[in-house]
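Dear colleague,

Please find below the structure that I am handing over to you. My notes on what was found in it follow.

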Amino acid sequence: MRKLEGLQPERVLYYFEEISAIPRGSGHTRAISDHLAGFAKEHGLSYTQDEMGNVVIRRPASQGCEKAPVVILQGHMDMVAEKEADCTLDMEKEGLSLVLHKRKDLDWLMKDMTPWQTEEDLILKADGTTLGADDGVAVAYMLAILESDTIKAPALECVFTVDEEIGMLGAVGMDMSGLKGRMLLNIDSEEEGELLTGCAGGCISTITVPVSRETCPKDRIHAVLSVKGLKGGHSGNEIDKDRVNADMLLGRLLQGMFREFGEGILLISVNGGTKDNAIPRSSEAEVLIRPELKEAMTAFIREEEEIYRKEYGERDPGLVLGLQTEESAGRQKEGGTEEETQVSSGSAETVTPGDPMDMASAARCIQLLRILPNGVQRMSHSFPGLVQTSLNLGILTTSENEVSASFLVRSNVNSEKLELIGRLQAGADALGGTCRNSGNYPAWEFREQSRLRPVMQECFQKQYGKPMVEEIIHAGVECGLFSDGIPDLDVVSFGPELRDIHTPRETMDLASVERTWRFILSVLEKLSEA
């Protein structure tokens, strides 16, 4: 028996459970793309599948609706594949494990409830991983509509894009010339009752600085310095909540350690975060320390943890700093053997440290994390409360010869996005590094004249007894790329209630999914009128 069997909307949840069994993390979407193409073949529907894996499936107009304009439904098939540290699921090979809760059992969902939500609502999560409701719910909605021969709707073009979560790559590379629709319903928003009418543009800027290494000294302790327990979150939706970026905090901690202990600490690597559009929840540095300084460094870490908790405790109460150590008894490279002795808590396995960076390289690495901007840069004056420009250091990695920091830059004003990218370029130049830009996508600008917005408002008012709240957001959605690629396109974005997307706490409210389903059907019926 399926876990969601018997729940409403039945066919939507059927398809959501079906695609949840298919690994579809960003960059690994071939299986879900082929599954969608197979669905079209099975149901005798016209479709196209491009080389990237983007899929368009077409549904003819319902009888009597042939004269109504074609409507595009759109969402992305990939998901952010994040998991808890102790989760053993291989998200590239295994499907998700879905779990049902009641809202009242999830404390963080009991705040700020809307009038149409109750504590008995069923909430869907995944066990130890992200749920992928962003944007699997859009895929499920579209498949349920495409399979039906009773839903009244105009001719539909259902567009499923790949790799939205890593720079909207599918929409960037998609040939949109074959799409006939000039109205697009994007189902990639997380607030029930909100109608999105504009969003930020974005770009991934990756700064790389060179690293030189020196021979590892003997009689040093190999240690892992860590920042853990942070909330993280979506780097667009949650950037205004001032949550702590683990990578940036690691830089602060390392700077303090080097000031306090000088050459008593040597840096091997820094690594943190796995997604450009997720605020890093954890980060760590591999270091080598003098044995006689271990206790002093441990005490220093505890003092810094207390300071950070006072500063950040209200918004990130789970913050924890760690120092796990192993003592090296020396390494004999010529003989090809290495010996180490574990001296304190940490991995049960013997760890072989790499050669440390020289002090100049370590200084560059720390400067990278200390002088470059991060977080909200400017608020909008035209739309009070809207973040206008921001950036997030999402991925920090170290290789033998370089350290790379990947920032997702966002702005609702294209010129400010370019200015901020220029600042990152200047920072890279000052550090003797390089800055490479990719995944550049335009802002989605508000459209004064719209047929869609009045229809959405009319249908929502009839169902909910109140108007939709129209919003321009700082998070990126693919609407800007479609608006840029299709002349005179009328676009809106909406969706059911999702919470904590891009984190293992991600949830989907099933009652909201059902209400939004009825709302979509009423909008399609209204748009089917010629």
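In these notes, helices (H or I, at least four residues) and strands (E, at least two) are DSSP runs, numbered from the N terminus. The model is predicted: local features need pLDDT of at least 70, side-chain atom pairs count only at pLDDT 80 or more, and totals for chains, interfaces and linings use all residues. Residues are numbered from 1 along each chain as its sequence is written, and side-chain values use heavy atoms, with hydrogens and water left out.

I begin with aromatic rings. Rings of Phe, Tyr and Trp (its six-membered ring) pair if their centres lie within 6.5 Å; planes under 30 degrees apart count as stacked, over 60 as edge-to-face and the rest as tilted. Ten aromatic pairs turn up in a search of the whole structure. One of them joins Tyr14 and Tyr15 edge-to-face, at 5.1 Å centre to centre and with 80° between the planes. In the pair of Phe460 and Tyr464, the ring centres are 3.9 Å apart and the planes at 10°, so these rings are stacked. Both residues belong to helix α9 (residues 452-464), where they are four residues apart, about one turn of the helix. Phe460 and Tyr464 are both buried (buried means under 20% relative accessible area, exposed over 50%, partly exposed in between; 1.4 Å probe, protein chains only). Together with Trp116, Phe494 and Phe519, they form one aromatic cluster.

Next comes the nonpolar interior. A nonpolar core is a set of buried Ala, Val, Leu, Ile, Met, Phe, Trp, Tyr and Cys residues joined through side-chain atoms within 4.5 Å. The largest has 68 residues, and those with the most contacts inside it include Phe494 and Met508. Helix α3 (residues 133-147) gives this core its largest share, eleven residues. A second, separate core of 53 residues includes Met248 and Val287.

Lastly, there is a sheet to examine. Strands of a sheet pair through backbone hydrogen bonds, either parallel or antiparallel. Here two strands pair if DSSP finds at least two bridges between them. Two antiparallel bridges link β23 to β24 (residues 507-509), and Thr507 in β24 is the bridge partner of Arg499.

Yours sincerely
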